[in-house]
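Q: I'd like to learn how to read a fold. Can we go through one together, step by step?
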Amino acid sequence: MHLSEITHPNQLHGLSIRQLEEIARQIREKHLQTIATSGGHLGPGLGVVELTLGLYQTLDLDYDKVVWDVGHQAYPHKMLTGRYNRFHTLRQKDGIAGYLKRCENKFDHFGAGHASTSISSALGMALARDRKGQNFKVAAVIGDGALTGGMALEAINHAGHLPHTKLLVVLNDNEMSISPNVGAIPRYLNKVRLSEPMQFITDNLEEQFKNLPFVGESLSPDLQRLKEGMKRLAVPKVGAVFEELGFTYIGPVDGHNLEELISTFTNAHKLDGPVLVHVATTKGKGYAIAEADKVGYHAQSPFNLATGKALPAKKPKPPGYSKVFAHTLVTLAQNNPKIIGITAAMATGTGLNKLQEKLPDQYIDVGIAEQHAVTLAAGLACEGMRPVAAIYSTFLQRAYDQIIHDVCIQNLPVFFCLDRAGIVGADGPTHQGMYDISYLRCIPNMVIMAPKDEAELQRMVVTGINHTDGPIAMRYPRGSGYGVPLMEDGWEALPIGKAELLRNGDDLLMVGYGTMVYTAMQTAEILSEHGIEATVINARFVKPLDTELIFPLAQKIGRVVTLEEGCLMGGFGSAVAEALMDNDILVPLKRFGVPDQLVDHAKPDESKADLGLTGSQIAEQIRAAFFNRQPSSVS
C-alpha cells in the first residue's frame with residue numbers, strides 16, 4: 001500500500017510490520033521533501049513516525065481520540081488522516097496548517113500551538129465520555145519537554161486522582177523540546193533512558209506467582225503486597241514517581257520498534273484508570289543531519305536535502321531583530337553583571353543562546369514554563385538584579401497573572417522583551433503576536449514601547465535596562481530589519497514616553513507604532529502624489545503616550561490616523577482615541593490594524609495585503625474616508 005492511498009487511519013489495521021515499516025519510510029520521505037522545499041518543523045515529526053503508526057494500529061479512530069501536544073510533532077498524523085496529497089502546501093496560504101486545527105480535519109480533536117495542553121484536554125474528553133456513558137478511548141501524546149510546563153503536571157496530578165477514569169498518556173521522550181530540556185524531570189528521564197531495562201521483572205511477575213502450587217489463580221493480600229513491592233524495585237525511579245501520582249507506568253519502550261510499540265499499546269488499552277506509556281524516541285530520526293543537530297533542525301527554512309544546508313537567499317538580508325537584540329544585550333551584559341537573560345526553552349529563537357555562549361552565568365533557561373520565568377524575574381528584581389525576560393509575544397500570554405500579580409502590583413523593574421510581536425506568518429493563529437499591546441497597556445505601572453527599526457531597538461534595549469522605576473516591555477517583530485546603520489556601542493537611552501516627529505504636513509496626522517512607522521511614511525509619500533500632505537509621528541511608546549506632541553497637532557490638523565501591527569480592540573489606536581476623547585479633542589480618527597478576526601497561516605506580506613495594511617491600500621482608504629475620494633481597485 002502506498003501512503004497516498006491512506007485517507008483514513010483505520011486503513012492501517014491488519015497491515016504487517018513490514019508494510020508498516022514501508023509506510024514509515026514513505027512518511028519520512030514526504031516529510032523531508034516538503035520541509036526541504038518550503039520550510040517548517042523538521043525534527044519533531046521525524047521522531048514520532050513509528051509511535052504514530054503503532055498507536056493508530058491499536059485504535060479505532062472512528063470512535064477513539066488522540067490529542068497531540070503542540071502540533072509540529074503531528075505531521076505523520078496529518079499524512080495518515082487524508083492530507084497526504086495536500087501536504088506539499090504545509091504552512092502556506094490556504095494550505096495545510098503547521099499545527100492541529102479542529103476545523104481542518106475531523107481527526108484533529110484538539111488544536112494547539114502552545115505546549116503542555118494535551119493531558120488537560122484529553123482528560124476533559126475522558127470525563128465527558130464517562131458522563132455520557134460512552135466507551136471510546138482517549139490518548140494524549142506529550143513530549144518530555146512539555147512536562148517542564150506546570151500545566152501538564154497539574155493535569156497529571158488531577159488524572160492520578162481519578163482511578164476509574166480511563167486515559168492513556170504517551171510520553172514521547174526525545175530529550176528535547178526546542179532547546180535542550182532543563183530541570184529535574186528531564187534529568188530523571190535521561191537516567192531511565194541510560195539504565196539497563198528492568199521492566200522484564202514485572203512483565204510476567206503475576207504469572208510467576210500464580211504458577212506457584214500454593215497460590216493458584218488469585219493472589220492473597222500478602223502476596224499482592226509482595227508483588228507490588230518487587231515491582232517497585234523493578235520500575236525505574238521516574239516510573240515510581242508516576243505510579244505514586246496514580247498512573248500505571250509502562251516503559252521505557254523503543255519508540256522506533258513497531259512490534260514493541262503495538263504490543264505495548266495493545267496491553268495499555270486493556271488497563272483501567274490512567275496509564276502512562278514512556279516511549280524513547282530520537283528527534284530527527286531517519287535523517288542523520290537532523291539527528292546530529294537536534295536544536296538546529298527542530299525547524300528549518302528551505303534547505304538542500306543532501307547537505308542539510310539552507311538554500312542561499314536571493315539577496316542578502318539585513319540582520320534580524322532577534323540577532324540585533326542579542327548582540328546589544330550581550331554587549332551591555334559584559335559591562336553589567338546584574339543583567340540576567342531569561343528564556344522559556346527558546347534560547348535560539350530569542351537570540352539568548354548568544355548570551356549563554358558569552359556569559360553563561362548571566363543566562364537562565366527555565367524550560368517551557370513562562371509563568372515561572374516571569375515570577376523568577378520578579379524575584380531577581382527584588383534583589384537588585386536587572387532581569388531581561390525574552391519571551392515571544394504569544395507565549396507571554398501564558399503568564400498574564402504573574403505579570404500583574406508578581407511584577408506590576410509590586411512595581412518591580414523587570415524588562416520584558418516580546419519577540420515575534422505582530423504578524424508572524426506560517427505558524428498561524430496560535431503564534432500571531434496580536435494581543436500584547438492590549439493585554440499589557442491596561443496594567444498599572446507598565447511602560448510599553450516598540451522600535452520602528454533595528455537601530456531604534458538598540459536604544460530601546462538600553463532604555464529597558466536603565467529603567468529602574470518599574471516594569472517595562474518592548475515588542476518587536478519576527479524577521480529581518482530594514483538595513484539601517486547599527487552602532488557597536490555607545491547607545492543612548494530614549495526619554496520615557498517621548499515620540500519622534502518624522503514628517504510635516506498640514507492635511508493629515510499619521511501616528512505609527514513599531515513596525516507600522518515605515519508603512520506610515522510610505523503611505524504619506526503616496527498621499528503626497530495626490531496632493532495630500534501628512535505629518536508622521538513615530539510614537540515609540542504606547543504607554544505613556546506622548547500627548548504633548550500628539551494633542552496640539554491633532555487639534556491643528558483635525559484628521560488623525562493610527563497604524564499598528566496588532567489587534568485594534570484595546571490596541572495602540574484605541575489608546576490614542578481614548579486620550580483624545582478624554583481631553584475633549586473630538587476630531588475624525590481612523591485606526592489601521594488587525595480587526596477582530598484570527599489571522600491564518602500565510603507569508604506576512606500576504607496577510608497584510610488581506611487585511612488592507614499595505615501602504616497603497618491604506619492611502620486609498622484614507623482618501624476615501626477623509627478626502628471624499630473613492631478608492632480604486634488595489635490588490
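Predicted model: local features only at pLDDT ≥ 70, side-chain atom pairs only at ≥ 80, totals over all residues.

Q: Okay, what covers the buried residues of helix 19?
A: The cover includes helix 17 (370-382), helix 18 (393-396), strand 11 (415-418) and helix 20 (436-441).

Q: And which residues of helix 19 are buried?
A: Helix 19 spans residues 400-408, and its buried residues are Q402, I403, D406, V407 and C408. Looking down the axis of helix 19, you'd find them within an arc of 155°, so they line one face of the helix. Here's the general idea: an α-helix has 3.6 residues a turn, so residues three or four places apart point the same way.

Q: Now sheets. How do I read one?
A: In general, strands of a sheet pair through backbone hydrogen bonds, either parallel or antiparallel. In this model, five strands make an open sheet with parallel pairing, in the order 2-3-4-6-5. Strand 2 (65-68) and strand 5 (248-254) are the edges, as each pairs on one side only. On average, neighbouring strands of this sheet are turned by 20° against each other, ignoring direction.

Q: How many bridges join strand 4 to strand 6?
A: Seven, linking residues 167-173 with residues 274-280. As one example, D173 of strand 4 sits opposite A280 in strand 6.

Q: What does helix 3 touch when it packs on the sheet?
A: Helix 3 (residues 49-57) touches strand 2, strand 3 (138-143), strand 4 and strand 6, and its direction makes about 160° with that of strand 2. Helix 5 (residues 118-131) lies across strand 2, strand 3 and strand 4, at about 175° to strand 3.

How values were computed:
Residues numbered from 1 in each chain as written. Heavy atoms only, no water. Buried < 20%, exposed > 50% of the residue type's maximum accessible area, 1.4 Å probe, protein only. Helix = DSSP H or I, 4+ residues; strand = E, 2+ residues; numbered from the N terminus. Arc of directions from axis to C-beta. Contact = heavy atoms within 4.5 Å. Pairing = 2+ DSSP bridges. Axes fitted to C-alpha atoms, helices over the stretch in contact; angles between N-to-C directions.
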